[in-house]
Amino acid sequence: LHHRPRLLGKNELVGFFPHLAREKLRGGALWYDGLCLEPERVVISLLKAATLRGAGVANYAEVVEIGRNGQQQLVLTVNDHLKKQHYQLTTQKVALCTGAFFKEELGCGPLPGELAELSLIRGMNLLLPQLFAAQTSLACRVRSNTESRFLFTVPWKEYSIAGTHWEHCTDPKAPWPEKPQTIEAFRALLAEATPDRRPFPAPLAEHLGCVPGNPSGRGNAADQILGHFRLVDREPGKPGDILQVVGVKFTTAFDVASKALRRLFPDTYLRDTLDFPALPAGSPAGDPAALLVEYQRRYQGWLNPEQLEKIFQLLGDELPAFMDKILTVGPPDKGKLSDTEIYRRLAAFCVDQEMVFHLDDLIARRLFADTPLPDELLSSLADCLAELLAWSPEQRAAELARLRQPEGDR
């Protein structure tokens, strides 16, 4: 969008957000930014793009130790969680992009001081029923009796995402017994900011994650979030061989990746720019709106425009590859495919193309991240994966139970 930012008067601001608290409200500012509706699909697309360029990709394969052999090659011990066995890989370079788990030693010796001094800060956003009719994000500072907090709400599909609660965290794998009370306290703060929205809705889900923090910052957890990425050598005396990448943001990922690759391969020429043909699989080049219209015209005998838009949102320019698999199955018996049948065929596509092994792979990390699902659709997709992956009735029940566990407990 090529709109200029502008200031808003109080009445215009309230027109956007009629439930907003109006005490001491003077006005606001309107500006434009991008919104990624399916960030999980970005990761999948990057992995697919890497395989198209010769990379090998493994799912449920955890590196548990890094050492060296007699030829001074790096040896990675991998725990294959699917086959319940270990194996080893040899390589010359390792980039550790382990997110919140950057303090795992992996046999590399004591943590460098630059990593050891960092802390962890947990963030939480809430998924809520739609808070405002306007498809506009809201950012504001809320002052309650106990605290002052910067809040935002973002329209996401037919829901709203509100955040962010920040607090210090010692271990991202450990249980968080205070989570229910923290969610309720944060919900109460959101309700305080929108006093005309009564009753304030209960959260449908929560987004949780950890980011690195700098303890030398101010006492507030939000103010200690690491402001810049770091590239840290993990092996003493061998710079550029085992590189820990810490503090990457979505908006800086390409720049960080370029700098990391230059540290790992200083003698290799790397391009500074990326053109559309080199973008990850799934990213539509040129005009995505025009491409969607073309797909809707091409497949109008099979799917309605709304169904095609949903699939396009998930798969981008991989939609024809998915449709090719649908066409080999044969046309529907009566008219166009139902939504349930489309999702069943999407499930089959994800098993075949995207290493889906568990129900939560499909639901939480491929198709419906944090989206409430009807029980009938969830049951149908469980049946579909049970057939594709040869699950027993007991395993199907276990997969449904696993899906309902908190992400950190799976």
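Me: Leaving aside its neighbours within four places in sequence, which residues is L346 in contact with?

Reply: This is a predicted model, in which local features need pLDDT of at least 70, side-chain atom pairs count only at pLDDT 80 or more, and totals for chains, interfaces and linings use all residues. Residues are numbered from 1 along each chain as its sequence is written, and side-chain values use heavy atoms, with hydrogens and water left out. Contact means heavy atoms within 4.5 Å. With the neighbours within four places set aside, L346 is in contact with I311, L314, L315, F322 and L367.

Me: Which residues have the most contacts inside the largest nonpolar core?

Reply: A nonpolar core is a set of buried Ala, Val, Leu, Ile, Met, Phe, Trp, Tyr and Cys residues joined through side-chain atoms within 4.5 Å. Buried means under 20% relative accessible area, exposed over 50%, and partly exposed in between (1.4 Å probe, protein chains only). The largest such core has 37 residues, and those with the most contacts inside it are L346, L359 and L362.

Me: Which helix supplies the largest share of this core?

Reply: Helices (H or I, at least four residues) and strands (E, at least two) are DSSP runs, numbered from the N terminus. At least two residues of the core come from each of α6 (288-298), α7 (305-315), α8 (319-329), α9 (339-353), α10 (359-367), α11 (375-388) and α12 (393-403). The largest share, seven residues, is supplied by α11.

Me: What radius of gyration does the protein chain have?

Reply: The radius of gyration is taken over C-alpha atoms, and the globule rule is 2.2 Å times the number of residues to the power 0.38. Because the chain has 410 residues, a compact globule would have a radius near 22 Å. The chain agrees with this, at 24 Å.

Me: Which strand holds T164?

Reply: Most peptide bonds are trans. The bond from G163 to T164 is cis, with omega near 0 degrees. T164 lies within residues 159-169, which form strand β10.
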